[in-house]
Amino acid sequence: VPSIVQAANRLIQHNTRLPGAPVMLPPNMSEDSMILFHEENTQEQEAQWVAEQILQLEIKLRDTNKTKYGEEVPQFSEIAILARNRYLFEPVRAELEKRSIPCHFQTANEGLFAALQTRILHLILRVWHNPFDLLHREVLLTELGIVDRDFENFSEQLNGETATTFFGSLADKRPCSSCWRNFIQALLDKVRKDDDLLNNFSALFEAFEKHVLPCVDDAKHDELLQRDLQFLKSKFQSFTHRHPAEERTLEGFLCELALSGRSDSAGTGVQLLTLHAAKGLEFEGVILIGMNAGSLPDYRSIKTLNGLEEERRNAYVAITRAKKFLCLTRCRNRLMPWGDNKKQEPSQFLKEMGLTNT
């Protein structure tokens, strides 16, 4: 079985247009790092196996990381579960919660907002600013519950069009929930007249409170949502106070949000990270789930050579987040977000790394 370094180098050597960057290897990676590939029949069985591995690995790490006084310190935060797409985490997260294994879910946008509704609002702002942002557009569609492949293909064809074109199609033609559809339509009615979302932030808050807040029926969640809204409003007020009108742009406001920190956003326990959120981080142990064709590489990426090679680089970054232990898993059958139970073929990256012959 190859070490993590050997597997990473074997993988990235298949790139011709987007060569790998060996400097991305964590400087603390162990020379005798271990790598393991495992497959199960179902996503539930995969999740159960992942949970067992985490419990075993945490015991090993705790034993080798005792304090100078011999005290054992929990090591769950030194373990990460990575996946290409958010929906792959759900069976694993459910299994971890079932076993009371502490975990923290994090995406590239984590840390600003605790409530789902405000995370979606943040995504809308990002995509409004840059409709070419395929990553956040994909996350937005997923959060809105839109898994219509035809619409995904249509949205890819919208590159070069304006944000209002994209959101107009989203509000008029597709089955996102009525509260979000009404919110987007109210926003479009305002912005089409002015064509500047930042000048209509008061209208944005009004539309959000009119169309989205009534859909929240959980008191605890509503409290988190109100805190998020207050945070967003205070950031906007601070931004407008410090910048004259001619310098106020949506891009500038989003940049300030990206640099904003919230002291209660840090999570403990096993880290659940998308590949993009894992960049720059490293862990003692990493489990990369969903190593299936269509998941990693993502089914949309294989349409072009550049897309496939970028996915290979994503996989390269993911596996090199592990310093000592790396496990890659897949299941042979998975329940897809649109409701179909689909047979899964192994990712071609497994063969490229020398982990499977198929």
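How many of the 358 residues in the protein are buried? Buried residues make up 49% of them, where buried means under 20% relative accessible area, exposed means over 50%, and partly exposed lies in between (1.4 Å probe, protein chains only).

Before going further, a word on what you are looking at. This is a predicted model, in which local features need pLDDT of at least 70 and side-chain atom pairs count only at pLDDT 80 or more, while totals for chains, interfaces and linings use all residues. Residues are numbered from 1 along each chain as its sequence is written, and side-chain values use heavy atoms, with hydrogens and water left out.

The pLDDT is the predictor's confidence in each residue, from 0 to 100. Its mean over the protein is 79, and 78% of the residues reach 70 or more. Over residues 20-24 the pLDDT stays under 50, and the model has ten contacts for them beyond four places in sequence; a contact means heavy atoms within 4.5 Å. Residues 261-266 also have a pLDDT below 50, with nine contacts in the model beyond near neighbours in sequence.

Now for the overall layout. The secondary structure comes to 14 helices and eight strands. Here helices (H or I, at least four residues) and strands (E, at least two) are DSSP runs, numbered from the N terminus. Of the contacts in the protein with a separation of 6 or more, 73% are between residues 24 or more positions apart.

Let us turn to the helix pairs. Two packed helices are described by the angle between their axes and the distance between the axes. The axes are lines fitted to C-alpha atoms, for helices over the stretch in contact, and the angles run from 0 to 180 degrees between N-to-C directions.

Start with helix α1 (residues 4-12) and helix α13 (residues 305-319), which pack at an angle of about 175° with their axes 10 Å apart. That makes α1 roughly antiparallel to α13, because angles over 145 degrees count as roughly antiparallel, under 35 as roughly parallel, 65 to 115 as roughly perpendicular and the rest as oblique. On the α1 side, Ile4, Ala7, Ala8, Leu11 and Ile12 meet Arg312, Arg313, Ala315, Tyr316 and Ile319 in α13. The residues of this contact divide into eight nonpolar, no polar and two charged. In this grouping Ala, Val, Leu, Ile, Met, Phe, Trp, Tyr, Cys and Pro count as nonpolar, Asp, Glu, Lys and Arg as charged, and the others, Gly among them, as polar.

Next, helix α2 (residues 43-64) packs with helix α3 (residues 90-98) at an angle of about 50°, their axes 8 Å apart. The two helices are therefore oblique to each other. The crossing of α2 past α3 is right-handed; a crossing is right-handed if the near helix is turned clockwise from the far one by less than a right angle, and left-handed if anticlockwise. Gln43, Ala47, Gln48, Val50, Ala51 and Ile54 of α2 make the contact with Pro91, Val92, Glu95 and Leu96 of α3. By class, the residues of this contact are seven nonpolar, two polar and one charged.

Helix α2 also holds glutamine 53. Is this residue buried or exposed? At 16% relative accessibility, glutamine 53 counts as buried. Not counting residues up to four places away in sequence, glutamine 53 touches Ile287 and Phe325.

From here, move to isoleucine 79 in strand β2 (residues 79-83). Isoleucine 79 is buried, with a relative accessible area of 0%. Leaving aside neighbours within four places in sequence, its contacts include Ile54, Leu57, Glu58 and Leu61, and also Val270 and Phe283. Isoleucine 79 and glycine 269 are 190 residues apart in sequence, yet 7.9 Å apart in space, C-alpha to C-alpha.

Finally, visit two loops. Serine 100 is found in the loop between α3 and β3 (103-106). Serine 100 has a positive phi of about 60° although it is not a glycine, and it is exposed, with a relative accessible area of 63%. Proline 297 lies in the loop between β5 (283-288) and α13. The peptide bond leading from leucine 296 to proline 297 is cis, with omega near 10°.
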